[in-house]
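Here are my notes on this one, point by point. Have the model open while you read.

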Number of protein chains: 2
Amino acid sequence: MIDHRHLRVALLGAGAVGSQVAALLLKHGDELADRAGASLQLAGIAVRDVDAPRDVDLPQELFTTDAESLIVGADIVIELIGGIEPARTHLLQAINSGADVVTANKALLATYGSEIFDAADQVGAQVYYEAAAAGAIPIIRPLRDSLAGDRVQRIMGIVNGTTNYILDRMDTEGAEFSDVLAQAQALGYAEADPTADVEGYDAAQKAAILASLAFHTAVPLESVHREGITAITTQMMDAARHAGYVIKLLAVCERLTGQDSPTGEAISVRVYPALVPRSHPLASVHGANNAVFVEAEAAGSLMFYGAGAGGVQTASAVLGDVVSAARRHIAGGVGVGESTRANLPVLPIGHAQTRYQITLEVSDQAGVLAHIAGTLSEGHVSIATVEQTVIAEDGADSGRARLVIGTHKAREQDLSDTVDRLADSDVVERVVSVLRVEGD
Amino acid sequence: MIDHRHLRVALLGAGAVGSQVAALLLKHGDELADRAGASLQLAGIAVRDVDAPRDVDLPQELFTTDAESLIVGADIVIELIGGIEPARTHLLQAINSGADVVTANKALLATYGSEIFDAADQVGAQVYYEAAAAGAIPIIRPLRDSLAGDRVQRIMGIVNGTTNYILDRMDTEGAEFSDVLAQAQALGYAEADPTADVEGYDAAQKAAILASLAFHTAVPLESVHREGITAITTQMMDAARHAGYVIKLLAVCERLTGQDSPTGEAISVRVYPALVPRSHPLASVHGANNAVFVEAEAAGSLMFYGAGAGGVQTASAVLGDVVSAARRHIAGGVGVGESTRANLPVLPIGHAQTRYQITLEVSDQAGVLAHIAGTLSEGHVSIATVEQTVIAEDGADSGRARLVIGTHKAREQDLSDTVDRLADSDVVERVVSVLRVEGD
């Protein structure tokens with residue numbers, strides 16, 4: 001046995017992820033020590049209530065409510081409390097007391113990332129956060145390090161397991177959103193308050209983190225356009241299937257070049273449900289799995305696939321960070337800060353360009369199509385495909401038709417103005433849906 | 001502009017990858033400097049012939065035949081010569097003169113990895129080799145760092161683009177191996193001498209590298225079992241398709257627990273064509289693409305997908321390593337050595353356990369199936385499925401039948417002994433094929 005250095009690890013939080021991290025650290029301690037070149041002593045676990053029930057059995061004497069004392073003297077602090085406070089205060093304390101920190105806290109990083117990274121830079125500490133985006137999938141190191149010599153053009157990520165589970169079941173079973181959500185809640189795939197997932201807040205936080213890394217730019221969470229999946233109906237699912245698409249909640253992070261951006265090179269970061277061609281690798285991401293599809297100038301297309309959540313899965317990513325932090329302690333040197341010097345402007349959603357699928361109910365009379373085509377053309381929206389179906393009512397012609405219009409790439413602002421004009425038009429009875437198309 | 005440190009980069013080799021590395025380093029130098037926190041000066045490119053034609057235009061004054069002088073005084077040395085010598089000597093010189101080294105040389109690492117890593121450890125240098133396995137796909141950092149806190153159970157990788165291209169075309173077009181190989185050579189997907197690819201040598205080198213990382217064990221190339229794809233026929237492809245499989249050349253790296261291994265925990269590393277269920281994510285890896293499927297105790301199933309070769313794609317991985325090396329130079333500290341302390345024994349192929357599909361031609365007479373079932377049973381090979389088809393010849397019963405036997409998991413040694421006995425049996429006219437089944 002090599003004479004190891006000895007590192008003290010403080011764990012903050014013992015929820016679904018934290019309790020698994022503690023259990024694995026205790027179970028595989030010798031193995032991790034061999035890999036890290038240092039023994040990793042779990043010095044304690046700070047929790048609000050030392051007597052609360054845990055997912056796994058852990059030695060009672062490790063628990064404490066005194067996070068501050070635990071942090072003092074720790075070499076590595078693992079923050080798995082979640083949310084903003086007290087996580088933020090504890091992380092900053094840990095950094096300022098000389099520890100390297102490991103966190104899975106996407107809300108905190110997406111909101112106070114710059115403050116935390118700056119604090120770490122000041123003292124030469126390192127912040128590790130592989131678990132903060134896409135759970136167990138190694139995506140932080142690939143973006144931060146492996147692709148640091150390349151130019152990422154675009155990321156399309158399925159980064160929220162709950163919504164992918166819901167959309168996948170709606171697609172495969174023809175089930176209603178509300179029914180699948182209720183079942184997902186019963187199975188523990190969705191929270192009692194599902195807002196963070198189904199309204200895209202969780203995905204938006206991850207998008208901000210991924211875009212920051214990919215484009216070497218601090219991306220504020222407020223600049224991420226966000227739409228959820230609550231408006232997705234079985235009708236939209238059926239229509240998507242019919243047209244060769246599947247609906248996925250995507251986090252899209254895109255580099256816009258001069259011609260697509262009024263300010264020179266810029267980026268767009270957005271979360272919304274989109275039509276993805278069935279042949280695209282992201283279309284085969286089923287259940288609660290996550291995947292991140294990356295297009296880079298030199299590397300071409302890459303995809304990273306795996307479990308996006310789950311206590312033990314996420315614990316894997318956290319422990320990988322702990323080993324990295326330990327190795328860095330042994331190797332010496334200061335932490336490598338975040339690369340944010342590209343500092344690209346994040347453009348509002350109006351500048352994004354995608355293809356769209358617009359579904360309208362219109363009066364089924366002569367000249368309607370010409371009128372609508374004219375409105376689209378005036379709005380700088382170019383038509384790629386049109387499919388018209390007469391709507392039958394009680395077996396008889398209803399006098400109305402359904403029009404599904406696929407567009408070429410258009411600016412979001414142009415599209416949205418045009419749809420407003422269509423909605424006001426006398427011949428359009430109803431705008432059934434407007435969906436972006438990504439990945440083709 | 002921040003006052004950067006200044007790092008000298010020496011490039012050895014200007015082939016398909018090297019010339020792209022040089023071009024991108026010159027084109028995106030400012031951007032890379034921002035990310036690295038250091039300006040990266042391409043000090044020179046060592047080649048055998050300074051006047052040889054290159055894939056891209058590069059300033060002639062950068063070229064030199066004097067690699068040794070170029071290495072002296074370089075902070076980062078990129079070795080893209082390939083092969084063993086002079087690459088090995090140059091890499092060791094670079095390490096001993098205080099440089100960090102970046103290499104894509106799988107042959108060198110699979111053969112002399114221990115020597116090179118030890119030399120780096122001695123002086124505190126770091127060896128980066130993201131491009132040495134699966135080209136542009138970030139797989140080294142995920143295994144080395146992200147999964148360092150987990151226990152990898154198994155890797156199944158499509159790590160050779162040429163063979164995947166050939167097998168994919170054989171599968172989709174029903175083409176013969178030799179015809180597809182000839183076309184692949186014409187298109188530049190296969191070398192004039194295709195041995196390294198089609199006989200599995202290239203994949204075996206990558207398997208040794210991946211297994212070393214995944215199992216924290218120095219895996220000697222000689223311990224990797226290797227079979228190529230030259231014996232794969234269109235008949236085997238058709239039969240595989242009929243049974244719901246596709247044939248892929250896989251690099252399998254597997255942890256064997258006590259009950260499957262005579263020596264306690266051990267590993268098995270092997271490269272061979274195998275039947276993969278059509279529903280497995282690896283089955284949808286088409287063309288010259290690569291993918292690495294990883295199963296880990298905590299993280300579950302992960303997949304990494306992308307371009308496995310190509311000059312500019314591989315250059316992406318090399319430049320990511322260059323940025324990492326530069327960041328480490330700025331941060332200070334010594335290099336983090338390879339984690340090889342688990343030092344697990346690598347068992348010979350006889351201990352591997354998989355399912356098999358055995359195809360036989362037998363005399364179509366009473367008692368044959370019972371006889372064959374008896375032989376399998378005596379050999380500790382358990383039958384899962386049997387399909388018997390009478391072979392017609394000129395429209396008449398030939399008196400022979402084709403038997404496709406799917407087995408449960410069996411030890412390779414038991415299976416191979418049993419197949420030998422079957423081949424010697426009077427009722428077996430011919431052993432048509434024996435294929436392993438992986439991924440179900």
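Predicted model: local features only at pLDDT ≥ 70, side-chain atom pairs only at ≥ 80, totals over all residues.

Residues are numbered from 1 along each chain as its sequence is written, chains are lettered from A and ligands numbered from 1 in the order in which they are written, and side-chain values use heavy atoms, with hydrogens and water left out.

1. **The interface.** The copies meet through the same surface, because 100% of the interface residues of chain A are also interface residues in chain B. Contact here means heavy atoms within 4.5 Å.

2. In chain A, helix α2 (residues 29-36) packs on helix α12 (residues 311-331) at about 45°, their axes 9 Å apart. Helices (H or I, at least four residues) and strands (E, at least two) are DSSP runs numbered from the N terminus; axes are lines fitted to C-alpha atoms, for helices over the stretch in contact, with angles from 0 to 180 degrees between N-to-C directions. That angle makes α2(A) oblique to α12(A) (under 35 degrees is roughly parallel, over 145 roughly antiparallel, 65 to 115 roughly perpendicular, and the rest oblique). The crossing is right-handed, as the near helix is turned clockwise from the far one by less than a right angle.

3. **Who touches whom there.** Leu32(A), Arg35(A) and Ala36(A) of α2(A) meet Leu319(A), Val323(A), Ala326(A), Arg327(A) and Ile330(A) of α12(A). By class, that is six nonpolar, no polar and two charged residues (Ala, Val, Leu, Ile, Met, Phe, Trp, Tyr, Cys and Pro count as nonpolar, Asp, Glu, Lys and Arg as charged, the others, Gly among them, as polar).

4. **The annotated domain.** UniProt, in an unreviewed entry, puts "domain: ACT" at residues 357-440 of chain A; such annotations may be inferred rather than shown by experiment. That stretch is 29% helix and 50% strand, with its end C-alpha atoms 13 Å apart.

5. **α13 against α14.** Helices α13 (residues 368-378) and α14 (residues 412-424) of chain A pack at about 150°, with axes 9 Å apart, so α13(A) is roughly antiparallel to α14(A). This crossing is right-handed. Ile372(A), Thr375(A) and Leu376(A) contact Thr418(A), Arg421(A) and Leu422(A): three nonpolar, two polar and one charged.

6. Most residues other than glycine have a negative phi, and most peptide bonds are trans. Glu85(A) and Pro86(A) are joined by a cis peptide bond, omega about 10°, and Pro86(A) sits in the loop between β4 (76-79) and α4 (87-96). The bond from Glu85(B) to Pro86(B) is cis, with omega near 5°. Asn343(A) has a positive phi, near 50°, and lies in the loop between α12 and β13 (353-363) of chain A.
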